[in-house]
Amino acid sequence: MGSNGRSQLHSTRIDMPAETRLEVIGSLNQTLASTLDLKTQVKQAHWNVKGMDFYQLHELFDELASELEEYIDMVAERITALGGVAFGTARVAASQSQLPEYPFDILEGKEHVVALADRYAAYGKSLRAEIDATDDMGDADTADLYTEISRAIDKRLWFLEAHLQAPLELTVANGTARKAAAKSKASEPQVSEVKSASKAKKTKAK
Ligand SMILES: [Fe+2]
């Protein structure tokens, strides 16, 4: 945040030096910009996703956006509690966000999940850095706020990545099972092979 933000500090009874508050407010305004940006990008995905998974992704993305809206409010109000000015307009968010612009040429659900997972990972990384940074600045409360948001963002990254991990893991598991079966028919079957075999039997029975 530029010198404009740093020059505006209200007096407060909070027992934290003005210098500390200014430093923390700078971090928080940076986070505010990135969070606002991320929320609009999630909405972009919510509106434009296409494909057979449309409905569940449309709903998930809306849930993520609502959650980010809460963090926007928490971050902005921590800034004002510290006597600072929260810079939360779209113009400031666009100019100060650490995230790349959202791709406008994607359609399928998987493409949106990948784009959002990339951004959640980058956003999560910046939050983790701020946990330590604000703790070092001497503001354990802001560090705690960052920890809370960071933990939730990690969870949401898992939600997104779970869509991408499942097919890969199945492919690997099936590949391993096929290789093992080809090597020796007499050897003790692995659990995954037993499952595959019982599935195959059921399929044949139909
Ligand atoms: Fe909507």
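Mentor: Let us start with Gln41, which counts as buried because it has 26 C-beta neighbours inside 10 Å; a residue is buried if 20 or more other C-beta atoms lie within 10 Å of its own, exposed if 12 or fewer, and partly exposed in between, with C-beta atoms placed from the backbone. Please keep in mind that this is a predicted model, in which local features need pLDDT of at least 70 and side-chain atom pairs count only at pLDDT 80 or more, while totals for chains, interfaces and linings use all residues. Residues are numbered from 1 along each chain as its sequence is written.

Trainee: Where is the place of Gln41, and what is Gln41 in contact with beyond four places in sequence?

Mentor: Gln41 sits in helix 2, residues 18-48, where helices are DSSP runs of H or I with at least four residues, strands are runs of E with at least two, and both are numbered from the N terminus. Leaving aside neighbours within four places in sequence, Gln41 is in contact with Tyr102 and Arg119, a contact being two C-beta atoms, placed from the backbone, that lie within 7 Å. Leu116 is 75 residues away from Gln41 in sequence, yet their C-alpha atoms are 8.0 Å apart.

Trainee: New topic: how many helices and strands are in the chain?

Mentor: The chain has seven helices and zero strands, and buried residues make up 27% of its 206 residues.

Trainee: How do helix 2 and helix 3 pack?

Mentor: Their axes are 9 Å apart and the angle is about 160 degrees, where axes are lines fitted to C-alpha atoms over the stretch in contact, and angles run from 0 to 180 degrees between N-to-C directions. That makes helix 2 roughly antiparallel to helix 3, since angles over 145 degrees count as roughly antiparallel, under 35 as roughly parallel, 65 to 115 as roughly perpendicular and the rest as oblique.

Trainee: And which residues are buried in helix 3?

Mentor: Among them are Leu57, Phe61, Tyr71 and Ile79.

Trainee: Last one: what does Leu32 touch, not counting residues up to four places away in sequence?

Mentor: Leu32 touches Ile72, Val75, Ala76, Ile79, Ala86, Phe87 and Gly88 when those close in sequence, up to four places away, are not counted.
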